[in-house]
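Please keep the structure open while reading.

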Amino acid sequence: RDGDKMKKDDLIIEKVIKNVGVIYFNRPEKINALNLEMVRDIKRILEKWEDDDNIRAVLLDSKSDKGFCSGGDLVHLYEDFIMDDDCHDKDQLFVEEFELDKYVEAYKKPIVSYWKGIVMGGGVGISINSDLILCDETVKWAMPETDLGFVPDVGVGKYISSLPQALGQYVGLCGGVLESPDLIKHGLAHVYIDSKDYEKIREKFLDLSEKYSGQGLIDKLREEADKYKKESHETFVEKNRDKIEKYFSKDSLEEIYKLLEENQDDDFARDILKDLKGKSQFSLAVQFKKYFVGKNLTYSEMVDLDLKILRYSLEIGEMEEGIRSKMIDKDNEPDWKYKNLEDVKDEDIKKLLAI
């Protein structure tokens, strides 16, 4: 078929197998970090397939052994947008990526995603609204944006806000890593499988696509995938559930800090406090309140709020400094504009979050 495009150097590979359109992320050296070209390619392919009667569902998959997708390509963002004096639309990558995420959420045909290895940032954003998400034993899922001078974006805050408060704050503020059993338990993914069984499930999906479509196809696939369901194991989050509950179920960021400071004989508290103190305090203050705001927003409204926050983070230089210190110079010594929580004005946060 014409629709089959297989070129090794393409960052996005499209392939039609039976009645499934498969989109492979194919940038293994960067764990599929999304640049503008990839975002545009994915959008173009999805638009083409939405009106193709031969295609009944879409599969998002990865050609990288290390993961599904590490997020947006922040080095590309830094060099080609933020630091390029000739670039007037510094937020262009975000604008188009966020439009793609909204498009995926409202897509007319079922989308299935296979999460493995690193699943972070924009990689979560593009796939979290899939009709069926398979995840395996290698998954490390996180939204680590507070490390970089902004906050969990791509609308994923909507999902973070749906988590119990302590866990939601831990994930949002610390970029805490979730494993597949955590994702299943909290409704962020659907079926936990063993990576060795993925090919069998995928083959079954392709076969089912010849008989079924729409929700019927997803229901049948779910039934098949459930036969391979992997037993849960105790994750880092489960092991530390009581501590996460103790430290993160507070009414303010100040209270969280205070309690962590009072418990410096606890390794968990000591590590968390050190981690939080090293981040942009502005980002943390925004994320703390955003957890509560997100409970009353639709996914689409959350994406719009994310764009507003990103633009602000760009404007005040926190994002630029975060990316510089973590991904460009890699000195891990960001010179934040907001080094102490006391420097952050509550009215600025409220204005930004429109509360």
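In which hand, left or right, does H12 pass H13 in their crossing? The crossing is left-handed, as seen in what is a predicted model. The points below start with this helix pair and then turn to the sheet, the pockets and the cavity.

**Helix pair**
- The axes of helix H12, residues 253–262, and helix H13, residues 267–277, come within 9 Å and cross at roughly 135°.
- Angles over 145 degrees would count as roughly antiparallel and those from 65 to 115 as roughly perpendicular, and H12 and H13 are therefore oblique to each other.

**Sheet**
- Three strands form an open sheet in the order S4-S6-S8, and their pairing is parallel.
- Strand S4 (67–69) and strand S8 (140–142) stand at the edges, and because each has a single partner strand, one side of each is left without a neighbour in the sheet.
- From one strand to the next, the twist averages 15°.
- S4 is joined by 2 bridges to strand S6, residues 118–120, and the two run parallel; within this pair, glycine 67 stands opposite isoleucine 118 in S6.

**Largest pocket**
- The largest pocket has a volume of about 500 Å³, and of the 24 residues that line it, the closest to its centre are Ser70, Gly72, Leu74, Leu148 and Met327.
- Two or more lining residues come from each of helix H2 (74–82), helix H3 (92–105), S6 and helix H16 (318–328).
- By residue class, the lining of the largest pocket divides into 11 nonpolar, 5 polar and 8 charged residues.

**Second largest pocket**
- The second largest pocket holds about 180 Å³ of space, and of its 13 lining residues, Leu253, Glu254, Ala285, Lys289 and Asp346 are the closest to the centre.
- H12, helix H14 (281–293) and helix H17 (346–352) each give two or more residues to this lining, with H14 giving the most, at 3 residues.
- The lining of the second largest pocket divides into 6 nonpolar, 1 polar and 6 charged residues.

**Cavity**
- The count comes to 1 cavity of 30 Å³ or more, and the volume of the largest cavity is about 30 Å³.
- Leu59, Val112, Leu134, Tyr198, Ile201, Arg202, Phe205 and Leu221 line the largest cavity, and these lining residues divide into 7 nonpolar, no polar and 1 charged.
- Helix H8, residues 198–208, gives the most to the lining of the largest cavity, with 4 residues.

Note on methods. Residues are numbered from 1 along each chain as its sequence is written. This is a predicted model: local features need pLDDT of at least 70, side-chain atom pairs count only at pLDDT 80 or more; totals for chains, interfaces and linings use all residues. Side-chain values use heavy atoms; hydrogens and water are left out. On a 1 Å grid over the protein atoms alone, a cavity is a set of points where a 1.4 Å probe fits but cannot get out, and a pocket is an open set with protein on both sides within 12 Å along at least five of seven lines; lining residues have an atom within 4 Å of a point. Grid points are joined across faces, edges and corners, and a volume is the space filled by probe spheres set on the points. Ala, Val, Leu, Ile, Met, Phe, Trp, Tyr, Cys and Pro count as nonpolar, Asp, Glu, Lys and Arg as charged, and the others, Gly among them, as polar. Two strands pair if DSSP finds at least two bridges between them. Axes are lines fitted to C-alpha atoms, for helices over the stretch in contact, and angles run from 0 to 180 degrees between N-to-C directions. Angles under 35 degrees count as roughly parallel, over 145 as roughly antiparallel, 65 to 115 as roughly perpendicular and the rest as oblique. A crossing is left-handed if the near helix is turned anticlockwise from the far one by less than a right angle, and right-handed if clockwise.
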